[in-house]
Amino acid sequence: MENNNKSYFYAEKQEELDRLKLQASAVQDIELGILEKHGLSTHLDVLDVGCGPGFTTSLLADRCQPTSLLGVDNNPELISKAKELANSNNQSTVFSIQDVYEINLSKKFDFAYARFLFQHLEKPVKALKSISNVLKENGRLCILDIDEDFLHLHPPLHSFIEIKEKVILQQKKRGGDRLIGKKLRNLLIEAGFEEINVTILPVTSNQIGLDAFFDLTTSFKKELLTNKDDVDQFNELKKIMKNENYFGVVSVFFVSGVKR
Ligand SMILES: C[S@@+](CC[C@H](N)C(=O)[O-])C[C@H]1O[C@@H](n2cnc3c(N)ncnc32)[C@H](O)[C@@H]1O
């Protein structure tokens, strides 16, 4: 399958893999706790949509005793990495190259998780309907995603805000949406999901350290900056943000709904 992600285009870079790994592990116990409140339990047929290199799929395999677990992504290289990781962890997870808009599976699932996928999708409602088609009756989809309106640094830093704004625009041009978090509830309703549940989780630099906070929320933004002045501004920001006086906070959205 041709991989034509425009919004998510830096997947094969080692720094991005490291960032996804960090993102998967930063607050994993809290994340699993929230997923439980959104319907994840043991002995379910679980689907990880947009699983990437499989860090979270592996966590689900380890901690949730799924009856079956399938990871899907439209990037073949990431699917290979996910398979390697599952093999090295002796996990029996199955992976399949699938585009979220046209998921084609013979099986249906109790719980689907889409983690940091929807910020990259041009047609979220079409994707939601496609996921709904592979959920069992009363199955639940939970989406975890960001919203840059909920990313703040104190004391405020002009270059941080400017870069954030440039990246929102760049990702929009590529068909993505870095302000998706607050829109998810209404999108799920539009796609026909019911019993919507929303949890907002704040993550701070005090919890994970300023370096990790920068890596998670900002480092990848360099790839989206197109001109030299912006890249210089980014490099300057990276130096300034070594100063431990800064406090960062970002909130991530968990939004889930049931298929009837
Ligand atoms: C930011 S990564 C998140 C990976 C993983 N869920 C995690 O949390 O570590 C976004 C993933 O969405 C996948 N993706 C983007 N567009 C997709 C599409 N149309 N169909 C399937 N996967 C897609 C990308 O290939 C990438 O692996």
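**Cores, helix faces and the ligand shell**

Leaving aside neighbours within four places in sequence, Ala 112 is in contact (C-beta atoms, placed from the backbone, within 7 Å) with Leu 47, Val 49, Ile 131, Leu 135 and Leu 141. This is a predicted model, in which local features need pLDDT of at least 70 and side-chain atom pairs count only at pLDDT 80 or more, while totals for chains, interfaces and linings use all residues. Residues are numbered from 1 along each chain as its sequence is written.

Ala 112 belongs to the largest nonpolar core, a set of 49 residues. A core here means buried Ala, Val, Leu, Ile, Met, Phe, Trp, Tyr and Cys residues joined through C-beta atoms within 7 Å; buried means that 20 or more other C-beta atoms lie within 10 Å of a residue's own, exposed that 12 or fewer do, and partly exposed anything in between, with C-beta atoms placed from the backbone. Leu 47, Val 49, Ala 112, Ala 114, Ile 131, Leu 141 and Ile 143 touch the most other members. A second, separate core has eight residues, among them Phe 160, Ile 163, Phe 234 and Leu 237.

Ile 131 turns up again in helix H5 (residues 124-133), where Pro 124, Ala 127, Leu 128, Ile 131 and Ser 132 are buried. Helices (H or I, at least four residues) and strands (E, at least two) are DSSP runs, numbered from the N terminus. The buried residues of H5 fall within an arc of 140 degrees seen down the axis, so they line one face of the helix; the arc is that of the directions from the helix axis to the C-beta atoms. Their cover includes strands S1 (45-49), S4 (109-115) and S5 (135-145), along with H7.

Helix H9 (residues 210-217) buries Phe 213, Leu 216 and Thr 217. For H9 the arc is 80 degrees, so these residues also line one face. H1, strand S6 (151-154), helix H8 (205-208) and strand S8 (247-258) are among what covers them.

As for Ile 189, it sits in helix H7 (residues 184-190) and counts as partly exposed because it has 13 C-beta neighbours inside 10 Å.

Around the ligand there are 21 residues, of which Gly 50, Gly 52, Asn 74, Val 100 and Arg 115 come nearest; a residue is near if its C-beta atom, placed from the backbone, lies within 6 Å. Helices H1 (14-25) and H3 (55-63) each supply at least two residues of this shell.

UniProt, in an unreviewed entry, places "domain: Methyltransferase" at residues 42-149. That span is 30% helix and 31% strand, with its end C-alpha atoms 34 Å apart.

Technical notes
Contact = placed C-beta atoms within 7 Å. UniProt positions renumbered as here; feature names shortened; annotations may be inferred.
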